[in-house]
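Here is a walk through one protein chain, written for someone just starting out with structures. Have a look at the picture first, then read on.

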Amino acid sequence: MFARVSPHRARHFYHQVRPRDCALANESPEHHLLKLELATAARAAGFRAELEVGNEARTWRADVLVFDRQDRPFMALEAQLSPMTPQDAQGRTERYAADGVAVCWTSVEKRPWERCVPSLHVAPPRGRGDAWTVRHGMARYTWAAPRTVKTKAAWTHISCSLDDAIRWILQGRVHSHTGPDGTVWWTARSYVQLAVVRARLEADAEAVLQAAAAEQRRQAAEQRAAAAEQRRLAAEDRRLAAEQEAQEQRAEQERLSAFFEHAGMQAALWPAFMQLVRSASGKAVTCGDQSPAHGNGLLLYSRPRKDSAFQLAGVVCPDPSALARWPADLTILVPGRDWLLRIEEAAQSPLKVAVLNPATKHCAYERVGPRTATLTTSASRVQTSRAGPSPGGVAHGASR
């Protein structure tokens, strides 16, 4: 073998003629130099390290195989400079693990597999006397004080010499750790424990938030259920009230059937008639019975104030024969113009008449005066002028 310097300024030995039985004959100088650095670092850490050692089944062959104190292989150091897919890296790592051997992959460039297997991204020395440096693959967990959920915390990559990294790995001071996103790196157990504490705090804080949100949702659901129950009860109350009102109206209409026949009014129009009465008076109004003393008219009572008693306020459709001694302040209520004409014909004193048409919802107040006295006087004057005094006759007309 002869010494030389590669185009990348790596000093190495090479075969003048490649022998068939040499395992190092077909590898690049950079690959061989990195393997020597790995083996040297392992030996400097106090471990036996051999190059190009495979297992009996020939399922793997380590660039550098490191043996423990009992001389058992436990760590493979791989100088991986050629391309390799993440699937290949994981498969080769699993083959090592099947024999109880861990592995650390090293490369001098960023590779797609370095995030999915335990690896080190290293850089060769820049000048004479410099050491190989780890750029990526070693990490620490930093958590700003005071260590609460609100303070920042993150994994940060650190740089160190390749000798220190290999010594920490072989001595068990660091081990491979897989982060939440699946990235694998080397770190100390104390950092992992610190990250676990932070994760538990975050989980507890998230649990508190979720519990609070769940409680809010539960309370909102209870409020919605209570509101729905209130709406249901209100609807039930309205239904019962409507049924009771309808029943009362049916009972009232049955009670007033004789009056409807007397007044010639349809029973179905009675609720509208009473609504007009209440709207026109602006008071609470209740319906009494037919009164023979008031020409079989229907008595209506009103209450000016809530705490006062009901008082007779009007009569609906009294028979005209009862108007001879009708009180001047007692209102007569009729459902249309036909009844008004009947009242006008029989009026013998000034009367107040309210015309409330339930079909048209029209309301009008009329003042009806005695027609007989006025027309008799007029007829006497005419007869006197013609033939002298004589008995007066019945005339038609109206005075309001």
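## Starting at Thr331

Contact here means heavy atoms within 4.5 Å. Thr331 sits in strand β17, and with 18% relative accessibility it counts as buried. Buried means under 20% relative accessible area, exposed means over 50%, and partly exposed is in between (1.4 Å probe, protein chains only).

A quick note on the ground rules: this is a predicted model, where local features need pLDDT of at least 70, side-chain atom pairs count only at pLDDT 80 or more, and totals for chains, interfaces and linings use all residues. Residues are numbered from 1 along each chain as its sequence is written, and side-chain values use heavy atoms, with hydrogens and water left out.

## The whole chain

How many helices and strands are there in the chain? There are 8 helices and 19 strands. Both are DSSP runs numbered from the N terminus: helices are H or I with at least four residues, and strands are E with at least two.

The chain has 400 residues, and 34% of them count as buried. Take the contacts with a separation of 6 or more: residues 24 or more positions apart account for 41% of those.

## The second largest pocket

Thr331 turns up again here. The second largest pocket is lined by 19 residues, and Ser281, Ala313, Thr331, Leu333 and Tyr365 lie nearest its centre. The pocket has a volume of about 350 Å³. To find pockets, a 1 Å grid is laid over the protein atoms alone: a cavity is a set of points where a 1.4 Å probe fits but cannot get out, while a pocket is an open set with protein on both sides within 12 Å along at least five of seven lines, and lining residues have an atom within 4 Å of a point. Grid points are joined across faces, edges and corners, and the volume is the space filled by probe spheres set on the points.

Which elements build the lining? At least two residues each come from α6 (270-281), β15 (297-303), β16 (311-316), β17 (331-334), β18 (351-357) and β19 (362-368). β18 gives the most, with 4 residues. The lining splits into 11 nonpolar, 4 polar and 4 charged residues. In that scheme Ala, Val, Leu, Ile, Met, Phe, Trp, Tyr, Cys and Pro are nonpolar, Asp, Glu, Lys and Arg are charged, and the others, Gly among them, are polar.

## Tyr301 and its neighbours

Tyr301 is found in strand β15 and is partly exposed, with a relative accessible area of 27%. Leaving aside neighbours within four places in sequence, Tyr301 is in contact with Ala284, Val285, Thr286, Gly288, Phe310, Gln311, Leu312 and Ala313. Gly288 is 13 residues away from Tyr301 along the chain, and their C-alpha atoms are separated by 7.1 Å.

## Salt bridges

Side chains of opposite charge can pair when their charged atoms come close. A salt bridge here is a side-chain nitrogen of Lys or Arg within 4 Å of a carboxyl oxygen of Asp or Glu, and the count comes to 18. One of them joins Glu78 to Arg92, with the closest N and O atoms 3.9 Å apart. This pair links distant parts of the chain: Glu78 is in strand β5 (residues 73-79) and Arg92 in helix α2 (residues 86-98), 14 residues apart. Glu78 is buried at 1% relative accessibility, whereas Arg92 is partly exposed at 23%.

Glu229 and Arg232 also form a salt bridge (2.6 Å, N to O). They are 3 residues apart in helix α4 (residues 189-255), so about one helical turn separates them. Arg255 meets Asp289 in another (2.5 Å, N to O). Arg255 lies in helix α4 and Asp289 in strand β14 (residues 284-291), so this pair ties together parts that are 34 residues apart in sequence.

## An open sheet

Now for a sheet: 7 strands form an open one in the order β3-β4-β5-β6-β7-β8-β11, with mixed pairing. β3 (48-54) and β11 (160-161) stand at the edges with a single partner strand each, so one side of each has no neighbour in the sheet. Two strands pair if DSSP finds at least two bridges between them. Strands β7 (residues 119-123) and β8 (residues 133-136) run antiparallel and are joined by 3 bridges.
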